[in-house]
Amino acid sequence: LTLLRGWRIAVVVGVNCFLPKVCLCFARYLVCYRMEPEHEGGQLFCEWSLYTNFSLLSLLLVVASIALAGPALWWRLLGDEEHKDEPFYLYLTASYKEEWKSWEATRLIRKVFLAIICAALPISLHPAMQIMCISLVLLTALVLEMQFHPYKDNRWNLEEKILLTVSLAMVSVTSCYLANEYHWSSTHNNQCFLLMLILLLCIVPSNILIVLILHQLLRERG
């Protein structure tokens, strides 16, 4: 349907909606695991060698190419100043300062990286690696946000910092929960407390965002 409004808006919407999912589908073949511990002679199984004809390098190039294609298309569209009044351009740039008008592309890259990490390092096989990689992505995003303050409205900059900080806190508590799960000194009460804390960090900010979005929609219609 977006094609009816022009190919540019179709590219923007399509990339935003489907690029992380496409990367996730290909990144699933990067999963490697052992059925037994390495020191007991456990063999390493890799999805890319079991179910595809790709070599590891070829698969990495495919995933990287797809992941970079979306942001590259957006940067190409943003370089076309003749269409700066069209919906696709305003969607990508309206919230940001002029010098950071391409910032939405960094948010897309973040989503793509998180999708690839979750697919290539599933929590059931590589919990520590997944949590570490997610933490690095979120920490990088937080540092960039604190350094550049890309939004025109300082309130949005503050909200972005709060959301990234809460996300990092949730990842840290999840790491603590998983570490305690296999430690001899862990207790049932501690695990229940950590689980409730994770749920609160997930549910409370999400509900607040839903309320704020609904409030903004009602205010615009009113």
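**Exercise 1. A salt bridge and its network**

Solution. The model is predicted: local features need pLDDT of at least 70 and side-chain atom pairs count only at pLDDT 80 or more, while totals for chains, interfaces and linings use all residues. Residues are numbered from 1 along each chain as its sequence is written, and side-chain values use heavy atoms, with hydrogens and water left out.

Step 1. A salt bridge is defined as a side-chain nitrogen of Lys or Arg within 4 Å of a carboxyl oxygen of Asp or Glu.

Step 2. Helices (H or I, at least four residues) and strands (E, at least two) are DSSP runs, numbered from the N terminus.

Step 3. Arg 107 also forms a salt bridge with Glu 104, where the closest N and O atoms are 3.7 Å apart. Both Arg 107 and Glu 104 lie in helix 5, separated by 3 residues, about one turn of the helix.

Step 4. A network of salt bridges links Glu 104, Arg 107, Arg 110 and Glu 160.

**Exercise 2. Exposure of salt-bridge residues**

Classify Glu 160, Glu 104, Arg 107, Arg 34 and Glu 38 as buried, partly exposed or exposed.

Solution. Step 1. The cut-offs are under 20% relative accessible area for buried and over 50% for exposed, with partly exposed in between (1.4 Å probe, protein chains only).

Step 1. Glu 160 has a relative accessible area of 9% and is therefore buried. Glu 104, at 13% relative accessibility, also counts as buried. Arg 107 has 24% relative accessibility, so this residue counts as partly exposed.

Step 2. Arg 34 and Glu 38 form a salt bridge, with their closest N and O atoms 3.7 Å apart. Arg 34 is partly exposed because its relative accessible area is 36%, whereas Glu 38, with 59%, is exposed.

Step 3. The structure holds 5 salt bridges. For the whole protein chain of 222 residues, buried residues make up 32%.

**Exercise 3. Chain layout and helix packing**

Determine the relative orientation of helix 1 and helix 5, and of helix 7 and helix 8.

Solution. Step 1. The protein chain has 8 helices and 2 strands, arranged along the sequence in the pattern α-β-β-α-α-α-α-α-α-α. Its C-alpha trace spans about 65 × 50 × 35 Å along the principal axes.

Step 1. Axes are lines fitted to C-alpha atoms, for helices over the stretch in contact, and angles run from 0 to 180 degrees between N-to-C directions. Angles under 35 degrees count as roughly parallel, over 145 as roughly antiparallel, 65 to 115 as roughly perpendicular and the rest as oblique.

Step 2. Helix 1 (residues 7-27) packs against helix 5 (residues 103-120) at an angle of about 25 degrees, with axes 8 Å apart. These two helices are therefore roughly parallel to each other.

Step 3. For helix 7 and helix 8, the axes come within 9 Å and cross at roughly 160 degrees. Helix 7 and helix 8 are therefore roughly antiparallel.

Step 4. A crossing is left-handed if the near helix is turned anticlockwise from the far one by less than a right angle, and right-handed if clockwise. The crossing of helix 1 and helix 5 is right-handed; that of helix 7 and helix 8 is left-handed.

**Exercise 4. A nonpolar surface patch**

Identify the helix that supplies the largest share of the nonpolar patch.

Solution. Step 1. Patches are made of residues with over 30% relative accessible area and no salt bridge; like charges are joined within 9 Å and nonpolar side chains (Val, Leu, Ile, Met, Phe, Trp, Tyr) within 5 Å. Accessible areas come from the Shrake-Rupley method with a 1.4 Å probe, and for residues only the protein chains shown count as cover.

Step 1. The patch covers about 850 Å², and its members include Leu 163, Leu 200, Val 204, Ile 208 and Leu 217.

Step 2. Helix 8 (residues 188-221) provides the largest share, 9 residues. Leu 217 lies in helix 8 and, at 41% relative accessibility, counts as partly exposed.
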